[in-house]
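Hi,

Here is the structure I promised to pass on.

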Amino acid sequence: MDPKRRYSYSNLFNLESLINFQLPQLDDDFDHHGNSSQDESRGSPGGAPRNRSNGIMSGRELKKKRRTSYSSDEDGDGDRGYNTHISEERYRAMLGEHVQKYKRRLGNSSASPAATRNGVPAMRSGGSRDQKSTNDHRGALRLDSASEFFNNSTQKLGNHIQSDFSGPYGGDRSIYEPAFLDLGEDITYRIPPPYEKLATLLNLPTMSDIQVNEIYLKGTLDLETLAAMMASDKRLGPKRHAGMSDPKTQFESLQARLRAEPANSAGQKFSLQVSEAALEASSIPEGAAGGIRRSILSEGGVLQVYYVKVLEKGDTYEIIERSLPKKPKLKKDPSVIEKEEMDKIGKYWINLVRKEIPKHHKIFINFHRKQLTDAKRFSETCQREVKMKVSRSLKVMRGAAIRTRKLARDMLVFWKRVDKEMAEVRKREEKEAAEALKREQELREAKRQQQRLNFLLSQTELYSHFMQNKSTLSSEAVTLGDEMTNDQEMLLSSSEARPGEEEDPEEAELRKEALKAAQDAVSKQKMMTSAFDSECLKLRQAAEIEPSQQDAAAANIDLLHP
Amino acid sequence: MYGGDEVSAIVIDLGSHTCKAGYAGEDAPKAVFPSVVGSVDQMEVDNPDNPEDNSGSAPDSKSKGKRRLYVGSQALGFRRDLMEVLSPIKDGMVVDWDIVENIWDHAFRECLLIDPKEHPMLLAEPCSNTQQQREKAAEIMFEKYQVPALFLAKNAVLTSFASGRATSLVVDSGGGSTTVAPVHDGYVLQKAVATSPIGGEILTDCLIKSLEQKGITIKPRYSFKRKEIRPGEFQTVDLDFPDTTESYKLYCQRAIASDIKECVSRAPDTPYDDSSYSNIPTTSYELPDGQTIEVGADRFKIPDIIFNPSLVQTIPGMESFAETAASLRGLSQMVIESINKCDVDIRRELFSSILLAGGTASMQQLKERLEKDLLEESPQAARVKVLASGNATERRFSVWIGGSILASLGSFQQMWFSKSEYEEHGASYVQRKCP
């Protein structure tokens, strides 16, 4: 249906065809994918990585969210369709977006792809504040690319150029591209059939048309250029409108845009209407909760998904508050997890084994050795202690023998001494006893002598007395006093001295006579004395036997009682 | 991830012969007891034994189903009528988890006196442990004991850690088997692991048989009474217990024979042959019944079985094992083959760090003999070095000590397989967490 109208110039800006377009397939998204994939496959070698990141994103995102994220100030035109379920409008919008994306890819400056990304540009260049400059930049680039395409009207060529362009920006592109591509769905992204095929099937414009169209749209739309475009390729009519939003990006701000708008052609207006409607319907209301996911390229060149809260929204800028999303749970393949975990554990284990074990072993061995030496020292100390105690007791033991021997010797000596003393004492006592006996005997003897002397004296005195009486009767006296002669003699000798002094012849006579008488008396006395002596001797002998017998008895008693 | 090293971990090494358990960070296991259990069928006896025995062994014994199990050397030391001695492990694999649970119970509650809920557990496992076995172990540990964290480590790896090496060739000669396993960066190179069933128990059996051949029977301690009738003079009276099972008798005989083996045997410096060892001086050993035996050539012959398994065939009574023995290789061949299966890059390193571990490896002169044999067979360039810890305890418990070192590492604490991870991922997660 489309193609017919496309060729007429009057229809050029009439989107009716698109609006009325019946969905060729039930699954709008799939269709869409078809387009995008086509883009991508054409896009060139960067395809694979793009695809991957795209896949991840699409997988995560909810349809709605994504839709909103894609809707933006300038690109909003297509987004209205999202609100209604699957509608023609939506289809159309998507188509338009694709076209844009495709174009952007072609445009391929670091800035331009971002532009399509629903208001990303501001953030991409490192924050919303920068928006102006980026817008400028982007606009310029876009113009460049547009003119370029214009010049090379064959899309193929353009494509090539684009790939050339992409050279330096390759990285960026690969990152950005997926976002465009996953416009398709949260349904897993597949590499769809080539666009060309779909195009023929669904009566869509061919690649070349789209490109040209885009370029055309990018430039401020004026009839001249349009006519030129038509001349070069007639089929691009309706497509243009889909990408209509792009021109706005040129404007630095909403005001600028507003100013510029009147100047635009009717077609432009129409497109604007669409886009505005889309904006109204699906753009992010200001101050919405920060639940919108966007991929933002940081200054460091890392593309990261942020949750974005739109604070203020302009046509070409957005003030947003961004926050890092919670780390999505990686749902890896269990086998991969297992492998990773095993690797981790294995690495840790090897590290432990290589570094820790030898170290700890050393510690262990040292500890063991220390314990051993401690035990040894301890036991030695114990041994010494015990030995000391034992030796002490041993010394006592050994000393005991010596001591007993010494004691015995001491005892022996003591008793010997005691014995000696006792013997001495006894000897002395005996001696004393003997002396006492002797003394007693002497005393007795003396007494006896005294008695004898006394007796003798008494005898002598008796005799002398007797003689005195018997001086006349001398003879008789002599005979009678025979016994007394000894005593008389002694008396005479003593008396002789006295008579010697007064010797007288008469007396001498007398003395002779006396002497004669005395001699007679002495001889008589001697005879008496000898008779007495013999008698006395007999008596003494008898007396002496008795004491000897007594002595023997005493000796016996002594033996019995020492 | 488990981040608590405040409560010390428990390290358990359940070997085929002995179970070692203790706290991580210590230098020797606290509890060492046989990993066999006595089992009495509950149907037959309702233990009319003396009461003091009952009270003593009641905690050990768990009546599960129809049997009552007795765990621990004390409970096993007491002879019971109809008590069979069972081992939970066959060919290095756990076949009876019920017994294993009983052994663990004994270790936790009787020996270490701990609550397994509070301590992370490090279990040593055989090098070629299957996936099911590991998962089963994890399941029991988490479900039954509710341990806060678990780790399973391979015996060979732990032995290697016990000597502070990340790469080594571990020759672990234990009770039930001998395993040669290369360890590289804390991983066992499974392809190159060599195992032979010749372990301490086979040697003990050989010794019993060859003593029997000489007319010496080892009387288990329970089978006689011995009393001192005059100072220095003993009288033994044989007792008869008709209800004693054959397995219990064998268990007791083995206990004695293994002591004989440990006391007198010595690896010969050169391969054993009957003629040159026929008039070797004998060593005497006094059996518990007072009988003194003289062990001559067997001193050398028995240990040489490790190096030359075909010697088993010359021992009468070992016919059942002789067939398998014929196909086995000697220890040094196993080592060489195992190294040759490894990558060329690490062979050199493996040759220079051959670690001897396990109870049987602590036999006298074994290290020297192995080194000598390897020197003859190894390539010229290789620098053969057999390493063995100086003291026998360390050699016997090297696996446990390695576990103790590992579990006490600060940086290891985040490698535990924690209870929450178990709850989240299930038992199979153990494969990932425990390399």
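**Strand S13 of chain B and its surroundings**

Let me start with a pairing in chain B: strand S13 and strand S15, which covers residues 194–196, run antiparallel and share three bridges. One of the residue pairs here is Thr179(B) with Thr195(B) in S15(B). Before you go further, keep in mind that this is a predicted model.

S13(B) spans residues 178–184, and seven of its seven residues are buried. That goes for both faces: Thr178(B), Val180(B), Pro182(B) and His184(B) are buried on one side, and Thr179(B), Ala181(B) and Val183(B) are buried on the other.

Strand S12 (residues 168–173) of chain B pairs with S13(B) in the antiparallel sense, over six bridges. In that pairing Ser168(B) sits opposite Val183(B), and the two strands make a hairpin with four residues between them. Strand S14 (residues 187–188) of chain B is also antiparallel to S13(B), with two bridges, and Tyr187(B) in S14(B) is the bridge partner of His184(B). The hairpin of S13(B) and S14(B) has two residues between its strands, and there Asp185(B) has a positive phi near 50°.

**The six-stranded sheet**

Chain B also has an open, mixed sheet of six strands, ordered S3-S2-S1-S10-S11-S22. Which strands stand at its edges? They are S3 (31–34) and S22 (417–418) of chain B; each has a single partner strand, so one side of each has no neighbour in the sheet. Elsewhere in the sheet, S1(B) (residues 10–14) and S10(B) (residues 121–125) run parallel and are joined by four bridges, with Val11(B) opposite Leu122(B). Helix H5 (residues 155–162) of chain B packs on this sheet, where it touches S10 and S11 (149–154) of chain B. The direction of H5(B) makes about 85° with that of S11(B).

For residues 420–459 of chain A, an unreviewed UniProt entry lists a "coiled-coil region". In the model that stretch is 100% helix and 0% strand, and its end C-alpha atoms are 56 Å apart.

How many residues of chain A are in contact with chain B? There are 20, and they meet 15 residues of chain B. The chain A side of this contact is made up of 10 nonpolar, five polar and five charged residues.

Over to you, and happy browsing!

Key: Residues numbered from 1 in each chain as written. Chains lettered and ligands numbered in written order. Predicted model: local features only at pLDDT ≥ 70, side-chain atom pairs only at ≥ 80, totals over all residues. Contact = placed C-beta atoms within 7 Å. Nonpolar A, V, L, I, M, F, W, Y, C, P; charged D, E, K, R; others polar. UniProt positions renumbered as here; feature names shortened; annotations may be inferred. Pairing = 2+ DSSP bridges. Axes fitted to C-alpha atoms, helices over the stretch in contact; angles between N-to-C directions. Buried ≥ 20, exposed ≤ 12 C-beta atoms within 10 Å, placed from the backbone.
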